[in-house]
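User: I'm new to this one. Can you walk me through it?

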Amino acid sequence: MEQVLFRHNRPDRSVTFEEYCAEGGFDALKKALTAMTPDEVQQTVIDSGLRGRGGAGFPTGKKWSFVPRNLPGPRWLICNGDEMEPGTYKDRVLLEKNPFSLIEGVTLASYALGVRHAFIFLRRDYETAAANLQAGIDAAKKAGLLGERILGTEFSCDIDLHLSAGRYICGEETALINALEGKRPNPRQKPPFPAVKGLWGGPTVVNNVETLANVPAIIANGAAWFKGLARNPEGAGTKLFCVSGSVVNPVCIELPIGTPLREIIDQACGGLKPGKKFKACIPGGASTQFLSEAHLDVPMDFDPVVKVGSRLGSGAIIVFDEGHCLVEATLNLIKFFARESCGWCTPCREGLQFVKEILERIERGGGEERDLDLLRDHTRFLSYAFCAFAPGAMSPLDGLLANFEDEVREHITRKRCPLKG
Amino acid sequence: MISEQLKKSLQQRVETAITPREAAVDVMKELQRHYGWLTDEAVGEAGELLGLSPLQVEELATFYEKIYRRPVTGKLIQVCDSISCWSGCCDGIIEHLKKRLDVELGGSSADGKFTLVPCCCLGRCGDAPVMVIGETFYGNLTPEKVDQILEKER
Amino acid sequence: MPKLIIDDIEVEVPAGTSVLEAARSVGITIPHFCYHPALAIAAACRLCAVKMLDGPVKGIQMSCALPAQDGMVVSTTDPDALKMRKLVIEWLMINHPHDCPVCDEGGECLLQDFTIAGGHGIRRYQGKKRTHVNQYLGEGIYHEMNRCIQCYRCVRFYQEYAGGTDFGVTGCAGRVYFGRFDDGPLESPFSGNLVDICPTGVFTDKTGRFRARYWDYQYAPSICPHCSAGCNLSPQAYHREVIKIVARRNDEVNGWFICDRARFDKSDLNDPLRPRQALVDGSPVEWEAALNALATRLREFVQSHGADSLALVGSTRLSLEAGILLAELAARYKGVRLCYFIDPAEAQLSLSKVEWVPAGMAASQAELREADFIAILPCDLMEESPMIALAIRQAFVKGAKVYLVAPHLTALNLERLPFQVQVVPELADVPLGEAKRGIVVAGAGFADLKGLEAVPTGVKFVLLQPGPNSFGAALLAREYRAVPLREAIASGKVKGILALETDLPEELRQGLTFFAAADWRNNGAAEPASVFLPTSAWAETGGTWINYEGRAQRYRQAYKTGLPLRGLPARYYGSQEAEPPAHPPRVHRAVAPGGDTRSAWMLVAELIFKLTGEPAAEPYAGKWAPLKHIDPEGPGMRLPAELLAG
Ligand SMILES: Cc1cc2nc3c(=O)[nH]c(=O)nc-3n(C[C@H](O)[C@H](O)[C@H](O)COP(=O)(O)O)c2cc1C
Ligand code: SF4
Ligand code: SF4
Ligand code: SF4
Ligand code: FES
Ligand code: FES
């Protein structure tokens, strides 16, 4: 299987700067700086069909093209490495194995966007990844691949590493901008979108770690090559899938985008743990809908997963077996979201507390039939929250009611959790 | 009180920032490293370094999960209670830790060696259930393994 | 100008108007909590949901954050919108105490109103409520965090609008908390506005808590008496006691806010020692008898000493109406000394400030908020006129350059200013030539008007004055050729004084053969006066004051003068000895105890009638006629050029 992001990986350590360079690393940067205009770099990324790996799947090149070209004053690039969505650990694995693809990708994106100063925002508890990145940045700088007049050209670029102190909402791009500015990381009202008015009021692009780490290979090998990597016709590139839960071998693995979910679980992860039977899975991190057995053949790409009622999200697959109570699983997720809400808007701050109370009651055996409607109201009306956090928080509940309503009902009619004695 | 040396290095961090506020999280984390948690004194010192009032530092400090405004005694044990770890039965691990250390969540053990808190996903979900003591991560926890780890870390 | 349809009504509004404001302009109130016209949009409460039926955006939208656009068709009554709004209330009520009857906000609470309006009545949430610990925030404001609905208005006001740093929001998720780092008085001199701006009962006015309900209050549009800025406010009285004072909106002047002095300093009005009894030679008499005595003694005095031995003295806190009538009284006695000022220097300065600023070149607080260059001449703004500083802050936040001209940097309280200044030694160092909307600000004490001559044309002025009606007093003094009292006394002739709402320094009473006074303030004038007449205070009568910019503003009577029911002396209960009973006296009287007073202008009018047998003339006649119709609820009236011109 062709490896793009994991191409340079060593089994149990990080690739060194020399090894990365020897294997063609930074060639894309050299190519771009010497033979391509910024617009050509952006066009190649547009043509490649690369979609954001941070969860929303927005076409990356298109996002870059929203930045007004002729505004005076600085513009910014932020690499989003907040990765606090439960189940997700792909960016950590990527950075612990190889910080250089990202460094090169950030530099390439900065070149395309005319950015002088880029930030990489990393979550707390990724200290190894952070050390790796800092060492990588220093090495690149020393080799003239970062800093003033890169490779002797007119282009200069610096990368600053910013380490957070832990809050899931910091991953939301406008909250992230506030976090970087040292303000309370509440999201900002959109519009204006960051591409127009972001960090310190300047045009700002926010991209995920994995997204940017893909850019060097795209520049080196071309858009068509990247498109050809996908398993499904509408897809482009590979995708990191990080699996957890009831599988034999919970791995973070790079596979062609569009690889069927079943294949990932059965082949890459060795199937369910001995004696366990598949019940459900979350395909893209905590803020995506549960899928059931019936959905296992879905190609893991953005649009197909939406078609079956969920989202590819971050590509974090969490597998549940018949021994897991999905009401309790949902309750766990809701508790996470209720704790992590930024507290800005009413639906999220208070609605999640309400949902938590209802699910707790159902799980305890105190649920009532009308609770189902009340829960549905919440899945519907939390989408009118201030940011995408609250609708995301409702996704698992939405999936629970769509695919596992019987299980919820059983709790209510039997007045207890059927899985608890 | 922080050392002149720490103060200097933090001042330097603030000076190299694009705006002083940008360095707020770094400053708070460094002070927390120094004191074990972000004490009232540390809040005041952070404010002085950053040109903010204590309240303005508090506004930031209390937003983040991993800035602690309550005493942390000894080593900090954070146990993940998010979904992948839940599926791997972190509830049992948390109960076990509470019993072993004879503490409630948020409390410190009588010998002052550990403080136990639950935390959000640590980004090591493949190794669920997971905890971190100080800066060391431990995965695939079982009650037996927890006992060994506590022994080692004590 | 986008055109849209809201609930079948066609609306056309200026570009940039939100759908919520557009609806408001045609009388539709969309429920809202976090929206406040003076603050940046937060879109946090999500209560203002409407359904967009057609146009550039569709579906449920927050009307406060949505700019009106052509072709929008908005429904505020769509079932989905109603359901969203109902849920928002239900969410907020999850944690809210259900005890409006013991909440001081009850009756004037947005949450209460919209909870009732939305029909929320049945509790479906069965869990526990979240609770918070309150903080001590000083003697002005009581804190009850459990009543918070997290609309973020307070912190947006306190930090963004007013520049305070000791109050804000901490925590996250359901734990957000609005308070200080630790217990202690709020530092901002604008903190009292939290009472007005919080839609619920988190911040209530400690100086008037649990004294009365909103519907009990007698109140009226009024003006702040504490400085020359002329901020609009509304005293709220109950049983003849001012319980609370709240800000009143005037977009041209103070906007939505007032300073803490205006709000909390009610001591003059509520002073238990306020003179309320007419006195002749120290003995209580009926008002009418005292007025007769005054007329007789005045007449006798003039007969025996001559009119030029008498001074009729008004002040910079006297209403314009009373000032005009005082001049009419003076006109009846040729040679009488008419005074509106005590100090010659102050009189001179007030007048030169009035004359310095050509018509239209005085800047209002609204203009200050929009200025791009501001030069402040040495003064302690936070002491003198805090609201002027608050207006400057709004300009500063929008990017205005603010300079402080300070030859010596002593005692200027720089760190208290809610904005940053660049200190320059001289006015000439401020590049006012670059200004598009430049303004020079000077305190009441600033006297070097000559120094302003170099200011480029087009730059406007804020020249503060000491009293709420100094500007008016200066106009009167010029018009009627009044002399400052000290100057009159220095001539050696003055042997008698009638002081009308004037704080006379004691030494000026020395050596007089006749002294009479009329006032509502406890300033020591009643005792030495041979005739004393109590007047009604500003909040108890109507009148007009002219602020520093030459804006005449009318205030109305909020309540009738009288001894507050609370603390009424025992004699009003029929017995001097008995403990006052818990119930008001059951004695029928037409006038409340201590309420036998007149407003100063009426007193002068009656005196004129007593002395001449003819009724006093209408004050708003002749030159003053343009001021006759000023709407107390409007923006006030900038004096027309002919009134300003000498
Ligand atoms: C609550 C919330 C949390 C998010 N967390 C992350 C995150 O940890 N990492 C990330 O890349 N994107 C995250 N996103 C998405 C970002 O807002 C943004 O869309 C993304 O970083 C854009 O990068 P991409 O276009 O490369 O995907 C989050 C969004 C929301 C609403
Ligand atoms: S939905 Fe509202 S409360 Fe939740 S994270 Fe977004 S802004 Fe904050
Ligand atoms: S804040 Fe309003 S709704 Fe709440 S108790 Fe007070 S009056 Fe009632
Ligand atoms: S204290 Fe009042 S103004 Fe502040 S957030 Fe709470 S409800 Fe809003
Ligand atoms: S859920 Fe526990 S580490 Fe991710
Ligand atoms: S008023 Fe619009 S969201 Fe609060």
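User: How many helices and strands does chain B have?
Analyst: Chain B has seven helices and four strands. Both are DSSP runs numbered from the N terminus: helices are H or I with at least four residues, strands are E with at least two. Keep in mind that this is a predicted model, where local features need pLDDT of at least 70, side-chain atom pairs count only at pLDDT 80 or more, and totals for chains, interfaces and linings use all residues. Residues are numbered from 1 along each chain as its sequence is written, chains are lettered from A in the order in which they are written, and side-chain values use heavy atoms, without hydrogens and water.

User: In what order do the elements of chain B run?
Analyst: From the N terminus, chain B runs α-α-α-α-β-α-α-β-β-β-α. Its C-alpha trace spans about 50 × 30 × 25 Å along the principal axes.

User: Which domains is chain B divided into?
Analyst: Domain 1 covers 4-63 and domain 2 covers 75-153. Those bounds come from an automatic or database domain assignment. The C-alpha centres of the two domains of chain B are 29 Å apart.

User: Switching to chain C. How many of its residues are in contact with chain B?
Analyst: 13 residues of chain C are in contact with eleven of chain B. Contact means heavy atoms within 4.5 Å.

User: How many salt bridges cross between chain C and chain B?
Analyst: Zero, by the rule. That rule wants a side-chain nitrogen of Lys or Arg within 4 Å of a carboxyl oxygen of Asp or Glu.

User: Which elements of chain C give two or more residues to that side?
Analyst: α4 (153-161) and β7 (168-170) of chain C. β7(C) gives the most, with three residues.

User: Now chain A. What are its domains?
Analyst: Domain 1 is 17-227, domain 2 is 238-321 and domain 3 is 326-414. The C-alpha centres of domain 1 and domain 3 of chain A lie 35 Å apart. Those two bury about 940 Å² between them, 70% of it on carbon and sulfur atoms.

User: How many salt bridges are there across that interface?
Analyst: One, between domain 1 and domain 3 of chain A. The side chains of E340(A) and R167(A) also meet in a salt bridge, at 2.6 Å from N to O.

Methods. Buried area = accessible area lost by both parts, 1.4 Å probe.
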